Amino acid sequence: MIEIKNLSKQFEGFQAVENLSLRIETGEFFALLGPNGAGKTTTISMISTLLLPSGGEIYIDGERLTRQRKDIKRKVSVVTQEYSMRQDMNMDEIMEYQGRLYFMKRKDIREKTEHLLAFAGLTSHRKKTIRKLSGGMRRKLMVCRALLTEPEILLLDEPTAGMDALSRRQMWNLLRQLNEKGLTILLTTHYIEEAQALCDRVALMDGGKLEDLDTPENLICKLGAYAVDEMHPDGVHSSYFAERSQAIAYLSELTGNCTLRDTTLEDVFVEQAGKHLTKGI
């Protein structure tokens, strides 16, 4: 559904994305992970055509993406990090305004609004203005707005940023249901457990480059399925092992405060894409 070939983006001498190539299959739930400045949001912005690439090409469903190809752009909807809705409008007004931007019939707007607000559990709040909604409700409304035009691809840039744990899990359930209906989803997130719980595959980025690409399970197995944490004065040192017996044997030789646990995708993130964050600490 999405093919990126040698994609690059430069800002006044700064290379935000460098020679990025990857494929995202139809119906896949895909994540871009990386530290701040890794190039995740820049990549999303180029797929949404908000930014133009400095080099490379993007293909949507086999056709090259350009700003002029409105038929291709209509297949893609994006939910940005920032709230981009007028504070004095209610949910119905937000949805109607979005539909009219795409020249939808009012009957279609009303019918799809009813369905989407009910699907997201927002119907009882539809007459509240945006300023009176919680952060979680605003995020879900942004997803509903993005789905109004029935896109084939949903781009989500930090969709659960600032949400409490309950609202985040509600959003996870909403996104799972959308993906089960065949929607291709590309996600960026700083909540690593979010990518591990939701995504079929994960691309680890750092410095605008692709560091690794695989399923969460395979990325964890590459590092080692079991982790031993050792407490030191300068912080926690972790060692990784393919077999539990290996981890236990290593643990038995240690003294002091140590623990054995399952390795997570967050460990992979820290060890690969996030190594530079620990330098100098």
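Analyst: A disulfide is a pair of cysteine sulfur atoms within 2.5 Å. The model discussed here is predicted.

User: How many disulfides does the structure hold, and how far is the sulfur of Cys221 from the closest cysteine sulfur?

Analyst: Cys221 is exposed, at 52% relative accessible area. The cysteine sulfur closest to that of Cys221 belongs to Cys199, and the gap is too far for a bond. The count of disulfides in the structure is zero, and the distance from Cys221 to Cys199, sulfur to sulfur, is 17 Å.

User: In what order do the strands of the open sheet of six strands lie?

Analyst: The pairing in this open sheet is mixed. Strand 6 (76–79) and strand 10 (209–214) each have a single partner strand, so one side of each has no neighbour in the sheet and both stand at the edges. The twist from one strand to the next averages 15°. Read across the sheet, the order is 6-7-8-3-9-10.

User: Which residue in strand 8 is the bridge partner of Phe30?

Analyst: Strands of a sheet pair through backbone hydrogen bonds, either parallel or antiparallel. Strand 3 (residues 29–33) and strand 8 (residues 184–188) run parallel and are joined by four bridges. The partner of Phe30 in strand 8 is Leu186.

User: At about what angle to strand 8 does helix 6 run?

Analyst: Helix 1 (residues 40–47) packs on the sheet, with contacts to strand 3, strand 6, strand 7, strand 8 and strand 9 (201–206). The direction of helix 1 makes about 145° with that of strand 8. Helix 6 (residues 165–180) lies across strand 3, strand 7 and strand 8. The angle of helix 6 to strand 8 is about 145°.

User: How many residues apart in sequence are the parts that Lys112 and Glu150 tie together?

Analyst: The structure has 19 salt bridges. One of them joins the side chains of Lys112 and Glu150 at 3.5 Å, N to O. Lys112 is in helix 4 (residues 106–119) and Glu150 is in the loop between helix 5 (135–147) and strand 7 (153–157), so the parts they tie together are apart in sequence by 38 residues.

User: Which residues are linked with Arg126 in a network of salt bridges?

Analyst: Arg126 forms a salt bridge with Glu114, and their closest N and O atoms are 3.1 Å apart. Arg126 lies in the loop between helix 4 and helix 5 and Glu114 in helix 4, so the pair ties together parts twelve residues apart in sequence. Arg126 is buried at 14% relative accessible area, whereas Glu114 is partly exposed at 41%. The residues linked with Arg126 in the network are Asp92, Glu114 and Lys127.

User: Which strands hold Arg261 and Asp229?

Analyst: The side chains of Arg261 and Asp229 meet in a salt bridge, with 2.6 Å from N to O. Arg261 is partly exposed at 26% relative accessibility, while Asp229 is buried at 8%. The pair ties together parts that are 32 residues apart in sequence, because Arg261 lies in strand 13 (residues 258–262) and Asp229 in strand 11 (residues 226–232).

Methods:
Residues numbered from 1 in each chain as written. Predicted model: local features only at pLDDT ≥ 70, side-chain atom pairs only at ≥ 80, totals over all residues. Heavy atoms only, no water. Salt bridge = Lys/Arg side-chain N within 4 Å of Asp/Glu carboxyl O. Helix = DSSP H or I, 4+ residues; strand = E, 2+ residues; numbered from the N terminus. Buried < 20%, exposed > 50% of the residue type's maximum accessible area, 1.4 Å probe, protein only. Pairing = 2+ DSSP bridges. Axes fitted to C-alpha atoms, helices over the stretch in contact; angles between N-to-C directions. Contact = heavy atoms within 4.5 Å.
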